[in-house]
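Visitor: I would like to learn how to read an interface between two chains. Please take me through one.

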Amino acid sequence: MRFAKRKAAWETADLGQIRDVEFKDKDGDYDLRPSVYEIDEKQIVQAFAEHAATAPIDPPRSALGIDFSGVQFPLLRKPGGKRFALIREQHREVELDSQSDLEDMIATVCRDLSARRRDVPKSAVYKYVGGQLEAADHEWIDIAESVDAKDWLKRIAERSK
Amino acid sequence: MSALALSLKTSHSQEMFASPPALGTDARSLAKIEQRMRAMPGVRLAPPFDALSDEAVRAVVGRWNRPCEGAFELLALRFPKDLASVIQTSGLGIADLTFAAEALGRSHLSHLVRSTLVPLLGHPSAIVREGAIYGLQRHLDLELRIELEGLAAADSSPAVRAAAEDSLADP
């Protein structure tokens, strides 16, 4: 599962547009190690909530997950951050050798894109995080009380007390 | 004072008065290069970065010579007016414009953010409109809320409608 940067990019079915919007790194180079999470369907909300709490996504919004199952390239195990066990252990990078590989991967995914889309409503993310804080989940308590906690997380934590 | 305490104190004093690494030969050379760069008149980058002020160019050059998220984020934090100029020159492609718009939203200059990004809510590309909404979501005023309500209800793109709804629903 990969979370989209721009949901609108995946409405276009324009491979070049998707490549340029979704698969460039911060320096503007094509990302030949795109991140994905190897997770079950039922873990999507949890994975996105944890991803949003640790990535520069502030505040989290409704997300679009794209199921990358069946892409023809190997997955490399690469720990995804330190704060949450799920996204740490299930984070993978797709191993691509060239821009051509990247375009092949996008083409594979776009062939049956509608079946691969997974919408994650923002309300589900907030509800999940609130529930974890109320249940005193130590991973969420730790990040909500950390000095660099994001404002949205502090607000949910305040309401959960 | 004991001999041990004296010894520790002497050692500490020597550390304090020894030349710190930051004043070594390499550091002095780098400082001179930086001084020369600061004195250089108008280094210019290719469009759309040619809209940047000299100071912003000096911050960007050497790290990025083309538009990218990293450069937009740096500009948003240190030179938001320059980033606004880059956005307004219309020299950015769709993929860069959407991330430049989101980055500008990190600035605290709400008036600048709104005056730069509200026009992008009518951009023909849904990808740009979505980025503009993300940039604007921390700078809502009544007028903007009304505009976003319109997008949430009637934009042709489901992604833009969802982004507009999300921004209005923020706690």
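What follows covers the interface, then the nonpolar cores.

Guide: This is a predicted model: local features need pLDDT of at least 70, side-chain atom pairs count only at pLDDT 80 or more, and totals for chains, interfaces and linings use all residues. Residues are numbered from 1 along each chain as its sequence is written, chains are lettered from A and ligands numbered from 1 in the order in which they are written, and side-chain values use heavy atoms, with hydrogens and water left out.

Visitor: How much area do chain A and chain B bury between them?

Guide: The size of an interface is often given as the accessible area lost when the parts come together. Here buried area (1.4 Å probe, summed over both parts) is about 2200 Å², with 46% of it on carbon and sulfur atoms. On the chain A side, Arg6(A), Lys26(A) and Arg61(A) lose the most area to chain B, together 29% of what that side buries.

Visitor: How many salt bridges are there between chain A and chain B?

Guide: A salt bridge puts a side-chain nitrogen of Lys or Arg within 4 Å of a carboxyl oxygen of Asp or Glu. Seven are counted between chain A and chain B. Asp29(A) and Arg66(B) form a salt bridge through their side chains, at 2.3 Å, N to O.

Visitor: Which residues touch the most other members of the largest nonpolar core?

Guide: A nonpolar core joins buried (under 20% relative accessible area, 1.4 Å probe, protein chains only) Ala, Val, Leu, Ile, Met, Phe, Trp, Tyr and Cys residues through side-chain atoms within 4.5 Å. Among its 67 residues, they are Trp10(A), Phe68(A), Met105(A) and Leu83(B). Another core, of 29 residues, lies apart from it and includes Ile57(A) and Trp140(A).

How values were computed:
Buried area is the accessible area (1.4 Å probe) that two parts lose on being put together, summed over both. Buried means under 20% relative accessible area, exposed over 50%, partly exposed in between (1.4 Å probe, protein chains only).
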